[in-house]
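Trainee: Could you walk me through the strands in this one? I'm new to it.
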Amino acid sequence: MPYFFTWSAQRGTTGIELSGGEGVYFDTVDKGRFLDMGSLTYQAALGHGHARMIEAVRAQASRLCISTPNAVYPEKEALARELLAHAPAGFDKVFFTLGGSDANENALKMARLFTGRHKVVSRYRSYHGATLGAVSVGGDWRRPLVEPGLPGVVHVLDLDERSGRAGKTDIPRVLELEGRVGAVMLEPVVGHNGVLIPEPDYYARVREACDAHGALLIADEVLVGFGRTGRFFGLEHWKDASGERLVPDMITCGKAITAGYGTLGAVLVHERVSAHFEDHVLAAGLTHYAHPLGVAAALEALRIYDEEKLPERAASMAPQLASALELIVDAQPRVTSYRAIGLFGGVDLELDRPGFTRLAEALERRRVYAHLNAGNGTLIVSPPLIISEDELADGMNRVAEAIDEVCG
Ligand SMILES: Cc1ncc(COP(=O)(O)O)c(C=O)c1O
């Protein structure tokens with residue numbers, strides 16, 4: 001192939017030849033129709049071939065297709081207002097990006113500019129993007145390969161299931177010991193690194209520690225935002241110490257912000273941070289800042305999430321997904337545990353790497369797409385939020401059969 005495949009040695013790597021799709025199914029040229037239990041890398045929350053999404057992008061392309069970073073046009077303002085309307089009170093500015101990695105990059109830059117500090121605390125069980133800054137804040141296998149990365153990044157073992165630290169946080173102590181930490185960047189629910197769901201008081205303790213030590217709290221909602229967990233933003237499941245909605249300082253978005261129908265990311269910024277940039281230069285920008293096609297896709301996706309109450313729908317379907325995962329754990333001794341929230345769930349498997357390769361083949365034979373993370377030993381499902389009960393049952397049956405075949 002004249003182009004690279006991502007995250008792989010190129011020799012022997014092949015891709016899937018996509019040709020389109022409809023609803024929760026995507027089509028491939030060589031292997032036919034797949035049931036998409038992963039929303040194609042956690043983005044296709046509205047499924048495939050969505051007529052309204054396609055029309056929104058088409059109409060935008062003929063109205064205004066090329067922009068420039070500081071251009072003003074109505075859809076850009078409308079989208080910023082819509083995004084802020086879903087954030088906690090006090091959020092008043094949006095910085096647009098092209099995707100999740102650069103949303104995190106720019107949140108980190110703003111934190112440096114605002115606090116004058118460069119240190120960042122994050123978890124080992126995390127992924128925050130592929131660009132050099134974002135990858136060095138992430139904690140999974142993708143970081144050590146390209147180090148040295150950003151100086152001053154400190155990782156904690158919080159939520160490391162395998163060392164039994166699911167409910168604990170070292171962040172208050174680390175902030176105290178490190179001193180002058182500028183930002184704590186966390187996925188509200190850990191995404192591709194294993195669907196790890198913190199205890200109810202976890203973020204209240206993190207928020208308090210950030211306040212006590214002058215660090216900003218950045219919620220990376222790139223994977224779990226836009227309804228995935230049964231709330232619009234994942235962090236909405238947690239309260240602060242006084243029982244109110246937990247308020248981070250910045251929220252980063254990507255993936256389902258456009259439901260996959262365009263490339264866009266965003267940093268939502270609380271007024272206590274954004275006010276700083278009234279009189280200080282915001283040293284950040286991108287040629288494709290708020291590209292009209294991405295903006296149009298995001299605006300339409302947000303309308304559909306709201307109109308069809310898709311976060312609520314994900315919450316109402318959560319019990320069905322959780323019981324399907326529980327059945328797999330009950331039936332298979334080599335599936336040791338499951339976790340689920342909204343339409344997002346995962347199981348831990350006692351499989352080695354060749355076992356995961358066999359599992360990938362077994363899933364493919366059943367024409368079902370799910371995410372495998374052999375490094376952490378997890379299989380993750382995150383179907384489009386429009387999935388019906390029958391389709392979810394069908395998808396989970398196919399996943400269970402594939403696991404039976406490989407683990408049985
Ligand atoms: C939590 C999280 N943050 C950031 C990113 C990076 O987003 P992108 O691949 O759009 O740059 C991802 C992508 O998987 C992610 O899961």
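Mentor: Some terms to start: helices (H or I, at least four residues) and strands (E, at least two) are DSSP runs numbered from the N terminus, and two strands pair if DSSP finds at least two bridges between them. This is a predicted model, where local features need pLDDT of at least 70, side-chain atom pairs count only at pLDDT 80 or more, and totals for chains, interfaces and linings use all residues. Residues are numbered from 1 along each chain as its sequence is written.

Trainee: OK, how do β2 and β3 run, parallel or antiparallel?
Mentor: Antiparallel: β2 (residues 25-28) and β3 (residues 32-36) are joined by 4 bridges. A hairpin of 3 residues links β2 to β3, and Thr 28 sits opposite Gly 32.

Trainee: Which residue stands opposite Asp 36?
Mentor: That's Tyr 369 in β13. β3 and β13 (residues 368-369) run parallel, with 2 bridges.

Trainee: New topic: what order do the strands of the open sheet come in?
Mentor: The 7 strands go β4-β10-β9-β8-β7-β5-β6, with mixed pairing. β4 (91-97) and β6 (153-156) are at the edges with a single partner strand each, so one side of each has no neighbour in the sheet.

Trainee: And how does β6 pair with β5?
Mentor: In the parallel sense, over 4 bridges, with β5 covering residues 119-123. Val 121 has Val 154 in β6 as its bridge partner.

Trainee: Which strands does helix α7 lie across?
Mentor: Helix α7 (residues 202-213) lies across β7 (181-186) and β8 (216-220). Its angle to β8 is about 145°, where axes are lines fitted to C-alpha atoms, for helices over the stretch in contact (C-beta atoms, placed from the backbone, within 7 Å), and angles run from 0 to 180 degrees between N-to-C directions.

Terms used:
Two residues are in contact if their C-beta atoms, placed from the backbone, lie within 7 Å.
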